[in-house]
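Here are some friendly notes to read with the model open beside you. Take the points one at a time, and find each element on screen before moving on.

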Amino acid sequence: MSNKTRNLLYLSLSINFIFVILTTTFLIRKGGIYYLAKKLQSLNSIRQQTELSSKSKPRRQTYQGRYYQAKSTIFQQLPNSNQEIIFLGDSLTDQGEWSEILQNSKVINRGISGDTTEGVLNRFDEIIAAKPKKIFLMIGTNDIWNEQKTVDEIIINYRNILNIIKTQSPQTKVYIQSLLPVNNLKYNIKINNDDVFLVNDNLKKLAQEFNYQYIDLSSSFLDTSKQLNPNYTYDGVHLNGKGYLLWGKLIKNHV
């Protein structure tokens with residue numbers, strides 16, 4: 001090893017040694033191991049908060065998927081009739097066998113699982129083209145659940161939907177059905193029923209404003225804890241057979 005190389009090695013070792021001494025002295029003055037642990041805990045907390053913040057950001061337009069596109073395409077190809085009684089909504093509507101439940105062949109199911117108020121607006125041309133006799137509307141649960149929309153955002157979209165009906169198909173009778181509560185005590189459902197109830201309060205006011213019929217389904221599905229009655233659901237959100245029979249019973253006179 002040459003003298004130059006040896007001198008550079010000694011210099012590097014000396015610098016590293018001085019750095020270690022200074023760092024150790026600094027840590028001892030700050031509290032030693034306790035200071036390091038506290039610092040690491042703080043950094044870990046910041047990381048967790050960043051991840052949580054990222055995960056909790058509202059997801060928008062979650063309705064846009066293959067199922068939505070497929071169903072929309074099918075609906076666009078089906079014939080229209082001004083005698084149609086359209087049930088319009090998300091999975092709660094989609095999963096109902098409405099013509100059989102209500103024993104009425106004029107009832108048309110236009111529900112799409114995962115749909116939102118924006119999704120309904122996006123495909124509303126097909127709905128309104130029929131100039132349907134009646135529309136039974138229930139939409140908004142996924143706006144709260146999947147997209148974390150505010151009540152105001154949901155109501156703005158509802159207002160747009162109703163305005164389109166009023167101006168483009170004024171003879172259509174509209175039945176605004178309340179959102180159903182969820183059961184987040186028995187099931188892990190990330191929906192606050194207070195938000196559902198607040199949306200319903202606003203829907204009732206909208207119905208009065210547009211001179212449409214408001215149907216309160218929610219109160220008939222509540223248990224004593226103000227939750228969706230477990231007798232009517234299999235997952236805390238969606239309905240079982242008993243739930244659909246109750247729904248049908250509540251609206252049959254309007255159909």
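1. Two strands count as paired if DSSP finds at least two bridges between them. Helices (H or I, at least four residues) and strands (E, at least two) are DSSP runs, numbered from the N terminus. For a landmark, look at Ile-85, whose bridge partner in S2 is Val-107.

2. **What you are looking at.** This is a predicted model, in which local features need pLDDT of at least 70 and side-chain atom pairs count only at pLDDT 80 or more, while totals for chains, interfaces and linings use all residues. Residues are numbered from 1 along each chain as its sequence is written, and side-chain values use heavy atoms, with hydrogens and water left out.

3. **The overall picture.** The protein has 12 helices and five strands. Of its 255 residues, 40% are buried. Here buried means under 20% relative accessible area, exposed means over 50%, and partly exposed lies in between (1.4 Å probe, protein chains only). Among contacts between residues at least 6 apart in sequence, 72% join residues at least 24 apart; contact means heavy atoms within 4.5 Å.

4. **The whole sheet.** In what order do the five strands of the open sheet lie? The order is S2-S1-S3-S4-S5, and the pairing is parallel. S2 and S5 are the edge strands, each pairing on one side only. Neighbouring strands are turned by 20° against each other on average, direction ignored. Such angles run from 0 to 180 degrees between N-to-C directions, with axes as lines fitted to C-alpha atoms, for helices over the stretch in contact.

5. **More pairings to trace.** S1 also runs parallel to strand S3 (residues 134-138), again through five bridges, and Ile-86 stands opposite Ile-135 in S3. From there, follow Ile-135 to its bridge partner in S4, Val-174. S3 and S4 are parallel too, with four bridges between them.

6. **A covered strand.** Are the two faces of S1 covered or open? Both are covered: Ile-85, Phe-87 and Gly-89 are buried on one side, and Ile-86 and Leu-88 on the other. That makes five buried residues out of five in S1.

7. **The nonpolar core.** A nonpolar core is a set of buried Ala, Val, Leu, Ile, Met, Phe, Trp, Tyr and Cys residues joined through side-chain atoms within 4.5 Å. The largest one holds 52 residues, and Phe-87, Tyr-158, Ile-176, Trp-247 and Ile-251 touch the most other members. Among the elements that each supply at least two residues of this core are S1, S3, helix H9 (151-168) and helix H12 (241-251). H9 gives the largest share, seven residues.

8. H10 (193-210) lies across S4 and S5, running at about 155° to S5. Its buried residues are Asn-193, Val-196, Val-199, Asn-200, Leu-203, Leu-206, Ala-207 and Phe-210. They cover an arc of only 125° around the axis, which puts them on the same side of H10; the arc is that of the directions from the helix axis to the C-beta atoms. Asp-194, Lys-205 and Gln-208 are exposed on the other side. The cover over the buried residues of H10 includes helix H8 (141-145), H9, S4, S5 and H11.

9. **Helix H3, a second example.** In H3 (residues 66-77), Tyr-68, Ser-72 and Phe-75 are buried. Seen down the axis, the buried residues of H3 fall within an arc of 65°, so they line one face of the helix. The face turned away from them carries exposed Arg-66 and Gln-77. Among the elements covering the buried residues of H3 are S2, helix H6 (117-122) and helix H7 (124-129).

10. **A buried loop residue.** Finally, find Gln-227 in the loop between helix H11 (218-221) and H12. Gln-227 is buried, with a relative accessible area of 7%. Leaving aside neighbours within four places in sequence, the residues in contact with Gln-227 include Asn-183, Asn-193 and Phe-221.
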